[in-house]
Amino acid sequence: MWRRVASLSSSVSSSFLAQTASRLNTWESLTTGIAQQAKGVIAPKEKTPFITFVLGGPGSGKGTQCIKIVETFGFAHLSAGDLLRREIASKSADGAMILNTIKEGKIVPSQVTVKLIQKEMELSYNHKFLIDGFPRTEENRVSFERIIGVEPNVVLFFDCPEEEMVKRVLNRNEGRVDDNLETIKKRLTVFQALSLPVINYYSEKGKLYT
């Protein structure tokens with residue numbers, strides 16, 4: 001289907017858990033465990049977010065694995081798809097545009113999605129974020145870094161055969177507006193064309209986890 005960059009088993013691998021735990025420990029020591037001495041007063045450093053992107057095609061198992069990662073590490077789980085569907089349901093100014101875009105199997109404008117993610121991050125007391133289904137394109141990636149001002153610490157990619165993804169999406173019966181055969185085929189085409197550059201970018205930067 002597309003060049004296999006990385007693969008994860010049906011459960012979160014022990015090597016991934018160990019790697020992420022190590023990186024989390026390092027991050028926490030740098031952002032919360034180190035104190036500064038200034039005129040006899042110790043002031044803790046301000047926390048910076050620890051961000052994990054979770055990438056994969058529709059029906060690749062991202063959501064199931066996110067639940068396990070959240071339970072293990074205590075991340076705040078932000079699903080880009082869920083945020084967009086919630087915006088549609090809210091009847092906001094962007095809702096109709098988002099609905100039409102999703103129905104066509106296209107990608108919602110980057111700024112719209114990033115702003116929704118940013119709002120959730122700002123409202124959360126957590127500093128560890130698992131962002132599911134984003135970024136899907138290079139434009140998404142650049143917009144996130146420009147608006148949020150940080151890069152992800154970790155990027156996960158779930159590879160899955162196309163036939164299996166189609167079967168999973170059509171069988172999950174969750175009432176999603178984009179869970180139909182016509183739209184899933186469009187989404188897979190878009191994923192293949194636009195998401196590989198993002199995956200390759202993070203692979204080259206050493207952020208992609210296997």
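**Briefing: fold, sheet and cores**

The chain holds nine helices and seven strands; helices (H or I, at least four residues) and strands (E, at least two) are DSSP runs, numbered from the N terminus. This is a predicted model, in which local features need pLDDT of at least 70, side-chain atom pairs count only at pLDDT 80 or more, and totals for chains, interfaces and linings use all residues. Residues are numbered from 1 along each chain as its sequence is written, and side-chain values use heavy atoms, with hydrogens and water left out.

**Whole chain**
- Of the 210 residues, 45% count as buried, meaning under 20% relative accessible area with a 1.4 Å probe, protein chains only.
- Contact means heavy atoms within 4.5 Å. Among contacts with a separation of 6 or more, 78% link residues 24 or more positions apart.

**The sheet**
- Five strands form an open, parallel sheet in the order E4-E5-E3-E6-E7. Two strands pair if DSSP finds at least two bridges between them.
- Strand E4 (76–79) and strand E7 (208–209) are at the edges with a single partner strand each, so one side of each has no neighbour in the sheet.
- Strand E3 (residues 50–56) and strand E6 (residues 154–158) run parallel, joined by five bridges. Val54 stands opposite Leu156 in E6.
- Helix H3 (residues 80–89) packs on the sheet and touches E4 and strand E5 (128–132). The direction of H3 makes about 65° with that of E4; axes are lines fitted to C-alpha atoms, for helices over the stretch in contact, and angles run from 0 to 180 degrees between N-to-C directions.

**Nonpolar cores**
- A nonpolar core is a set of buried Ala, Val, Leu, Ile, Met, Phe, Trp, Tyr and Cys residues joined through side-chain atoms within 4.5 Å.
- The largest has 30 residues. Those with the most contacts inside it are Phe53, Ile98, Ile117, Met121, Ile131, Phe134 and Phe144.
- Helix H5 (residues 110–123) gives the largest share of this core, five residues.
- Another core, of eleven residues, lies apart from it; Phe50, Val54, Cys66 and Val154 are among its members.
- Beyond its neighbours within four places in sequence, Phe134 contacts residues including Phe53, Ile117, Asn140 and Phe144.

**Helix H6**
- Buried residues of helix H6 (residues 138–148) include Asn140, Arg141, Phe144 and Glu145.
- Their cover includes E3, H5, E5 and helix H9 (196–204).
- Thr137 caps the N-terminal end of H6, with a side-chain oxygen 3.3 Å from the backbone nitrogen of Glu139.

How values were computed
Buried means under 20% relative accessible area, exposed over 50%, partly exposed in between (1.4 Å probe, protein chains only). A polar contact is a pair of N or O atoms within 3.5 Å; within protein, one must be able to donate a hydrogen and the other to accept it, and residues adjacent in sequence count only if both atoms are side-chain atoms.
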